[in-house]
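Welcome to a short walk through this protein, one selection at a time. Open your viewer, and let's begin with a side chain on the inside.

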Amino acid sequence: MKSVTASLHRPTLEWLAVTFLCAVLAGLSACEGWLWRIDQTLYDDALSSWLRPPSSDLVIIAIDDASLASVGRWPWSRRLYARLLEQARAAGAAAVVLDLPLDSASPDDPEGDLMLARAMRSFGRVVLPLRQAGSGMGEDLPLPMFANAAASVGLDQVEFDPDGIVRSLYLWGGFGAARNPHLSLALLRVVAPEAARHYREPPLADGLDNVLWQRSDWLHIRFSGPPGSYTHYPFRAVLNGDVPDMTLRGKILFVGVTATGLGEAVPTPTSGLLRPMQGIEVQANVFEALRRGATVTALPPWAAATVAAVLVVVLMLFLLHAGPSAGLIGTFVLGGLAVALAFLGLHLGGWWFGPAPAMLGCALAYPLWSWRRLESAQRYLDAELVALEREGTTFGELPNKVGSGSADPLERRIRIVRQVAQHQRDVRRFMAATLEHLSIGVVVIDPRGQVTLHNGQARLLLHASHGEALLDALRALPWPGYLPMRDGLPDLGGFTGTRQFELSSDERHCMLVSVADLLLDPGVPPGRVIGLADVTVMHEARRSREDTMHFLSHDLRAPLASILTLIEGRNVSLEQRAAQIPRIARYARSALDLADGLFRLVRAEGSDPRDFVELDLAGLVDSAADEVWPQAHARGIRVEVDTHDADSEEAIVRGDFSLLRRAVINLLTNAIKYGAPNSTVAVRLQADGGDWLIRVRDQGVGIPPEALPRLFKRFSRLGGDGSSQPSGVGLGLLIVKTVAERHGGTVTVESTPGQGSTFELHLPLRNQAATSLPA
């Protein structure tokens, strides 16, 4: 019991162990970020696979290399920025982001600072940047004149991931408290206050360290495209009036430095192999995402770990019942499902979790579980192979020392399996050969009602070629009506023995059918073993014996009893006794004819085709005609013999001369008996294709149609009227039929009442008779 319990619980414990290990590894990798590089790569692919076209109302005014070459060396006078703002206000721009350093006064042109402050105050919708101090201990704010003139001030800062790519930012930040909005959020609060309300300012928590930089509301940026996706105009082109006012009307202008060596450029998920994205364009992408509400929120590590663990458990549940191929496909499907969930979550829900931990858990689950299953299968096979090796072969041979010369355990197992498989094939061939050579038909039906074994004799008896046809043929047999049936076959109802039935599928054939239950497993409906034996010959022999007994008890006994009665008669004079002698002779002749006919029939039925010799039919026909000449002459009947076809070709067949001669004599005698007096009986030997045909035709009254079916049966005679009824015992035509069949031929009759009858004895050629004669 202990070993059975252990064998039942061991696979379950191993499954639980593998599931726990893979789920824990997947969860830890999600929480600890072991696969962050793969997750970030998948995130970049997901973000780049579904880009939304950038809005046309966002325009970048770039202080590029051409502008520097045209205007002069950097830094520029702030009068230029004031002129830009005046032109933007005149053109009807919606807002301006000046992403420029304005945290110190201009030493050479204080008037320019005043002009810029007035222009900003006059425009009314200018947003300025706020940066973290270089030392990290404070904030670099714009000059108060600029900060007071601006509509809002925002934090100009993005986050670099460990691989150096900008994917995220914090919406709020500041020294000591996260009270400053991001630059793009500050712009959104100016141009679209309703949309900005979705991004609420975080509460100021107690106990914060006022000497550290604080951040809040981390989110990922959904970029609108690769660098250069937004409309760019050079600063000098706008300043010189080369850009029409209509182009700037209603637009939000992002002004920033993009010149080489001066502007900040960062790699982004959508940069690909192109140049990095300028900082001012990153701000435009962030503003676009905030305004659309298309930001991406990363799920917390515990949520990603939960998703990974759930997928691993689902996969392990599937692997518990799936085969190797289905399990491999399921592993790929679950790993792909993790990626698909991450992609769909990014594009449809605005949230992201790294699918790499789930992929890792699924990738480990399949080989680990396959390894444990393989180990279990190997242990079982080793035990079975050792048992098979000890038992030896099915035929009692001593087992070979397989694998004794190999040090490789796998090679030894392969050799044992090869030997066992060969033994199995030998046993199967032995069983198939034994089954095929049985003289009785065998059909084995399993509990599901399917034919699992059958032999050629069963197919021959049931006239079927495959399992389903055999079942249909068995169900179509005339089973007794009192039998309970299941699936169209007898239900033995737990009977442990064999039941036999004699069934006739047609009028000519009879089968002895044996049915026995095949008990395989307890609680499972039994299968059935059905045996089929053709007992037609036995029935024919029994019928022949019964007919013979009837003949002996009636036809043969009656004349013998009459003879004894006449001989033993008392008080009879000598003259009366002399008058009874002809009657006694007639009774004796009738009994002799009966015995002679029965003897000839038995001899015909017992003839052996292997004893047949070649004989000439022309001489046989002439001899038979000479034999019946006295009978024909007595009735005034002329016998015409035609054997002219034998003149051009020898009429040679294989057979028994005396039997064939008796068959022709019986046909002639029958024609003479039933022919009209002073008529003609014609017998003709003619070629029929490659065979020979003996045709006997009379000119008698003919045979009624209803009498033709019983013409060749045992002891059947045609009735007559009164004294005109011919004498006979009814064995003559049966002898003809028996002789014809033993020689591989046939006998047929055609008759028209009032016109006579024609009998045809068809015999095959000598080269065909050797293969077609019955045994």
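Select E281 first: this residue is buried, with a relative accessible area of 2%. Here buried means under 20% relative accessible area, exposed means over 50%, and partly exposed lies in between, using a 1.4 Å probe and protein chains only. E281 sits in helix α11 (residues 279–292); helices (H or I, at least four residues) and strands (E, at least two) are DSSP runs, numbered from the N terminus.

Before moving on, a word about what you are looking at. This is a predicted model, in which local features need pLDDT of at least 70, side-chain atom pairs count only at pLDDT 80 or more, and totals for chains, interfaces and linings use all residues. Residues are numbered from 1 along each chain as its sequence is written, and side-chain values use heavy atoms, with hydrogens and water left out.

**Around E281**

Which residues does E281 touch? Not counting residues up to four places away in sequence, they are I60, P226, P227, G228, S229, Y230 and H232, where contact means heavy atoms within 4.5 Å. Now show the backbone nitrogen of G228, which lies 2.9 Å from a polar atom of the E281 side chain.

**T680 and R638**

Jump to T680, in strand β26 (residues 680–688). T680 counts as buried, at 12% relative accessibility. Its side chain makes a polar contact of 2.9 Å with the side chain of R638. A polar contact is a pair of N or O atoms within 3.5 Å; within protein, one must be able to donate a hydrogen and the other to accept it, and residues adjacent in sequence count only if both atoms are side-chain atoms. Beyond four places in sequence, the residues in contact with T680 include I637, E640 and D698.

**Charged pairs**

Side chains of opposite charge can pair when their charged atoms come close. The structure holds 26 salt bridges, each a side-chain nitrogen of Lys or Arg within 4 Å of a carboxyl oxygen of Asp or Glu. Select R131 and D156, whose side chains meet in one of 3.2 Å, N to O. R131 lies in strand β3 (residues 126–132) and D156 in the loop between β5 (152–155) and β6 (159–160), so this pair ties together parts that are 25 residues apart in sequence. R131 is partly exposed at 30% relative accessibility, while D156 is buried at 15%.

Next, pick R167 and D163, joined by a salt bridge at 2.7 Å, N to O. R167 is buried at 1% relative accessibility, and D163 is partly exposed at 29%.

**Zooming out**

Finally, show the protein as a cartoon: its secondary structure comes to 25 helices and 29 strands. Of the 775 residues, 44% count as buried.
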